[in-house]
Amino acid sequence: MNYKEAIKLLENGNYKDCIDFFKNGGHDLEYAYALILSDESDKAFKVVENIDSVRADWVRKIISIINGNIEYPTYFQIRNFLEIDLRMLICAKRIDYVNKILSAADIFQGINNECYKLLGRGLLKNGYPVEAKIFLDRSLNEYYNDVELHYLYAEYYMVQNDNENVKKAVENCLRINPEYYPAKKKYSELEKMDPKV
């Protein structure tokens, strides 16, 4: 196994298959993530305790949240790591940890105003559309003219097989930004399915 293969395993929640690789290879940050997924967050904290990096700082904050304490991440930490880590936790079936992170959503939103959208997208793309819509709705209440947000609604309605609302969401995208490529492409697909679109 090489590093790239091990990272892919970790990202897909297969921490048991890569934990020894990271531990023995001196990849402390990745090893800490594997420990978190193994429900050994205290051990993970010790691994990253003295690492001076933005990502290690984020990991320490996530561990604190998992342990029931809120530590405030930065705007860029939320933007760069939240959705990735949410996916990893979902893939590893650590829904207990996912719920703890979701319980901090309002705090994160106060730091990064895209947090609700990031959580909605992360949940939607990883098999939790109903839960995703809760966060998409919260985001829509604050940022109605976000074209990407409306496209996420289109994707949500696609999962629900609700073509009428897919069409409405795509039309909202194109009203906000007529050149938004994903919406233009989807609209073209919808026209082929139903020329009356």
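How many nonpolar, polar and charged residues does the lining of the largest pocket have? The legends below describe a predicted model.

**View 1. The largest pocket and its lining.** The lining has six nonpolar residues, three charged residues and no polar ones. Its members are Ile 7, Leu 10, Glu 11, Leu 29, Glu 30, Tyr 33, Arg 55, Ile 84 and Met 88. Helices α1 (3-11), α3 (28-37) and α6 (75-91) each contribute at least two of the lining residues. The pocket volume is about 160 Å³.

**View 2. The largest nonpolar core.** This core holds 64 residues. Leu 10, Trp 58, Leu 82, Phe 108, Leu 119 and Val 170 have the most contacts inside it. Helix α11 (residues 147-159) gives the core its largest share, eight residues.

**View 3. Contacts of Val 170.** Leaving aside residues up to four places away in sequence, Val 170 touches Ala 154, Ala 183, Lys 186, Tyr 187 and Leu 190.

**View 4. The buried residues of helix α7.** In α7 (residues 95-102), Tyr 97, Val 98, Ile 101 and Leu 102 are buried. They span an arc of only 140° around the axis, so they sit on the same side of α7. An α-helix has 3.6 residues a turn, so residues three or four places apart point the same way.

**View 5. Positive phi at Lys 93 and Asn 161.** Lys 93, in the loop between α6 and α7, has phi near 60°. Lys 93 is exposed, at 67% relative accessible area. Asn 161, in the loop between α11 and α12 (163-176), has phi near 55°. Asn 161 is also exposed, at 68% relative accessibility.

How values were computed
Residues numbered from 1 in each chain as written. Predicted model: local features only at pLDDT ≥ 70, side-chain atom pairs only at ≥ 80, totals over all residues. Heavy atoms only, no water. Buried < 20%, exposed > 50% of the residue type's maximum accessible area, 1.4 Å probe, protein only. Helix = DSSP H or I, 4+ residues; strand = E, 2+ residues; numbered from the N terminus. Arc of directions from axis to C-beta. Core = buried A, V, L, I, M, F, W, Y, C linked by side-chain atoms within 4.5 Å. Contact = heavy atoms within 4.5 Å. 1 Å grid on protein atoms, 1.4 Å probe; cavity = no way out; pocket = protein on both sides within 12 Å on 5 of 7 lines; lining within 4 Å. Points joined across faces, edges and corners; volume = space filled by probe spheres on them. Nonpolar A, V, L, I, M, F, W, Y, C, P; charged D, E, K, R; others polar.
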